[in-house]
Amino acid sequence: MVGSANLTDKVWLWADVPGAQDDAGKLAAVKRVIGNGLDRGVMPAWDGRLKPEQIKLLTVYVHELGGGK
């Protein structure tokens, strides 16, 4: 289907969250995708558009949706 990824499942296609060894690594993987976007044209980079604090809050929120755990 067309739309965004399901962030509540354990299928992470772009951020290597399952491959991270600890929570810090998982959060860093999510933060990289949020900050840098995806070069596939499906998600813009938010670094420079959002404050660092906002990116941190968004990172924690996305991780806690369930798929990142």
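The exercises below work through a predicted model.

The model is predicted: local features need pLDDT of at least 70, side-chain atom pairs count only at pLDDT 80 or more, and totals for chains, interfaces and linings use all residues. Residues are numbered from 1 along each chain as its sequence is written, and side-chain values use heavy atoms, with hydrogens and water left out.

**Exercise 1. The segment before α1**

Task: decide whether leucine 13 and alanine 15 are buried or exposed.

Solution. 
- Step 1. Place the residues. Leucine 13 is in the segment before α1 (23–36), and alanine 15 lies in the segment before α1 too. Helices are DSSP runs of H or I with at least four residues, numbered from the N terminus.
- Step 2. Recall the cut-offs. Buried means under 20% relative accessible area, exposed over 50%, and partly exposed in between, with a 1.4 Å probe and protein chains only.
- Step 3. Apply them. Leucine 13 has a relative accessible area of 65%, so this residue is exposed. Alanine 15 has 7%, so this residue is buried.

**Exercise 2. The largest pocket**

Task: describe the lining of the largest pocket.

Solution. 
- Step 1. A pocket is found on a 1 Å grid over the protein atoms alone, as an open set of points where a 1.4 Å probe fits, with protein on both sides within 12 Å along at least five of seven lines; lining residues have an atom within 4 Å of a point.
- Step 2. The lining has 21 residues, and those nearest the centre of the pocket are Ala5, Leu7, Trp14, Leu38 and Met43. The elements giving two or more residues to this lining are α1 and α2 (52–64). The largest share, 3 residues, is from α1.
- Step 3. Leucine 38 sits in the loop between α1 and α2. Its relative accessible area is 13%, so leucine 38 is buried. Leucine 38 and tryptophan 14 are 24 residues apart along the chain, and their C-alpha atoms are separated by 8.1 Å.
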